[in-house]
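Start with the structure, then read the points below.

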Amino acid sequence: MNKIRFYKSIHVKIVIIYVLLILIAMQVIGVYFTGKLEEQLVNNYFETLDERANLLAYYTEEEMKRDEETEERPLSRRINELILELFDNDNRSNTNVQVIDKNNTVISVSNPSQRMNIGQRTTNPRVKRALLGNPLDPEVLVNPNTGHRTRVMAKPIPINSPEIIGAIYIEASMEEIYSQMRQINQILLTGTVMALAITAILGILLARTITRPIVDMRRQALVMGKGDFSRSVKVYGDDEIGQLARAFNDLTNKLQDANATTEGEKRKLSSVLTHMTDGVIATDKQGKIILMNKRAEAMLEQKQEHVLGAELTKILNLDKFMKLEDLYKFTDPILLDFDYDEEELILEAHFSVIEKENGAQNGLIAVLHDVTEQERIEEERRDFVANVSHELRTPLTSMKSYLEALADGAIEDPEVAPRFIQVTQTETERMIRLVNDLLQLSKMDSKDYHMNFSAINLPQFVDQVVERFEMSTKNDSISFKHKTPNKDIFVYGDRDKLTQLLDNIVSNAVKYSPEGGFITCSLKEEKERVIVSIKDEGVGIPKENIPHVFDRFYRVDKARSRNLGGTGLGLAIAKEIVLAHGGSIWVSSDWGKGTMISFSLPYVEAVTES
Ligand code: ADP
């Protein structure tokens, strides 16, 4: 948050407002007060002056009317004494009083410096008008050089009588009043400055009481913004700001609770998303990725931070087939096929729309479910059904045609009939073998398949099985080599199943061996396991076919296998048996040179045959 500029702060504003208010108040009071005071002083002065002028006129008239002969002192002296009495000594320099007789002759002056005017005729028009009984109103004259104001007046003697015997003329300086006013103004100004200074200090203190809680709240709001709700604002009083601080603290507590709840929910959601076995991707309204859980990261081999903001359709490789709007409408799941380093991953994607409270579309949630295994099993199931149908149809078709031929009369032919019957018998036997093999596999696939384990002396056991084959293949000129050690090596196993395992492997070696070929049976002891290998010098298996020979119905050469009576299930059964014994089976072969099928079984020490 920005720092508040000094001159914009409430603190300064309050101080300025206070000072301005006081300034205006003082100005208004000052102007009114000084105006009124000045008016009062001037009026008083004028009244006093008028009274004195009237008194002077009255007493001068009295003196003038007195008989000169009987008076000891001359008139001018008596009038002078009157002037001195009425206009006291202090003001004599400021007030210039003249008494003039009816002949315009100055008979007395108050100011000693104007004594030379005594006995002179005055030319003052104001005096003349007074002597004529038509006096001018008193007037205030301003000296243009000094700016000093003087009140000028002339009065006839007597004041209200048509028989005028003289006049008085007064020039009274008003400077004393104005000097007083200046002093008062000075006092007022000093008072104003002091009031302003005190107001400014009070304003600062007052503003601080208002702004301190606000500053506290601002600071608190800033730390709250960073997620810290631990502190609270100090409540300074019970006024509006105090109540605001209290409300702010309440709000902080509620926010803290709400935040804790949200955090908790967030953690729960995040934990749910993290531990989900399905991938989850969330997008905004524009289909840009805003969230991706760990499972989705693993499925798509992408890190969340790298795909944030990327388009969902692009990340799911859907951009070539559909647009974002299609996904909003899509209700059925979509199968996505990914190939990573030859490993196939099939994902089933379900899309659902995130809606706002008002129902508007606000994004998408894609839930990705790994269906690779499911799809593989489904495909295997389809292949299996197809294979079984095919395997059964081939002998049935052949039998049908032979039986038809027999029915059509071939049965009458003593040469053909036995051959045809022989073929149908062979095919029936192959079908029985196939069905038996299928039953066997189906049993092994079922969960409650159990075996009869017992300790078996393996070299002896292998030799017995191989000897049985030796006997039955005597005429085929196939030779067997026994490389089994002449000692007891025990394994735990199901005797019947292990017999079938060896039968399947050895019968293959016999089937695919040429005439005069050698079949070698060897047995090797390792630290924790025993390895049995059956090696032939037959047709061999091409390299690319080797990984598939243990798959159900897989045959390298279908025609040859079928002719040799194979069902394509022999090695698949062998693998299941070995796995059920906790061992493993593998093949090594050179195309055209021979094949070696080996299997291992866990080795059991110090057991006796049961
Ligand atoms: P089949 O009944 O066809 O023999 P198997 O499951 O036993 O079915 O064997 C699968 C395929 O593996 C056979 O069709 C054959 O092509 C190949 N195969 C198995 N054993 C040998 C072997 N010893 N020599 C050459 N090919 C073999």
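Asp50 is partly exposed, with a relative accessible area of 24% (buried means under 20%, exposed over 50%, partly exposed in between; 1.4 Å probe, protein chains only). This is a predicted model: local features need pLDDT of at least 70, side-chain atom pairs count only at pLDDT 80 or more, and totals for chains, interfaces and linings use all residues. Residues are numbered from 1 along each chain as its sequence is written, and side-chain values use heavy atoms, without hydrogens and water.

**Salt bridges**
- Asp50 and Arg151 form a salt bridge at 3.4 Å, N to O (a side-chain nitrogen of Lys or Arg within 4 Å of a carboxyl oxygen of Asp or Glu).
- Asp50 sits in helix H1 and Arg151 in strand S4 (residues 149-157), so the pair ties together parts 101 residues apart in sequence (helices are DSSP runs of H or I, at least four residues; strands are E, at least two; both are numbered from the N terminus).
- Arg151 is buried, at 7% relative accessible area.
- Arg468 and Asp503 pair at 2.9 Å, N to O.
- That bridge links helix H12 (residues 458-472) to helix H13, 35 residues apart.
- The count comes to 25 salt bridges.

**Helix crossing**
- The axes of H13 (residues 495-511) and H15 (residues 570-580) come within 9 Å and cross at roughly 145 degrees (axes are lines fitted to C-alpha atoms over the stretch in contact; angles run from 0 to 180 degrees between N-to-C directions).
- The contact includes Leu501 and Ile505 of H13 and Ile573 and Ile577 of H15 (heavy atoms within 4.5 Å).

**Exposed residue**
- Ile24 is found in H1 (residues 10-65).
- Ile24 is exposed, at 51% relative accessible area.
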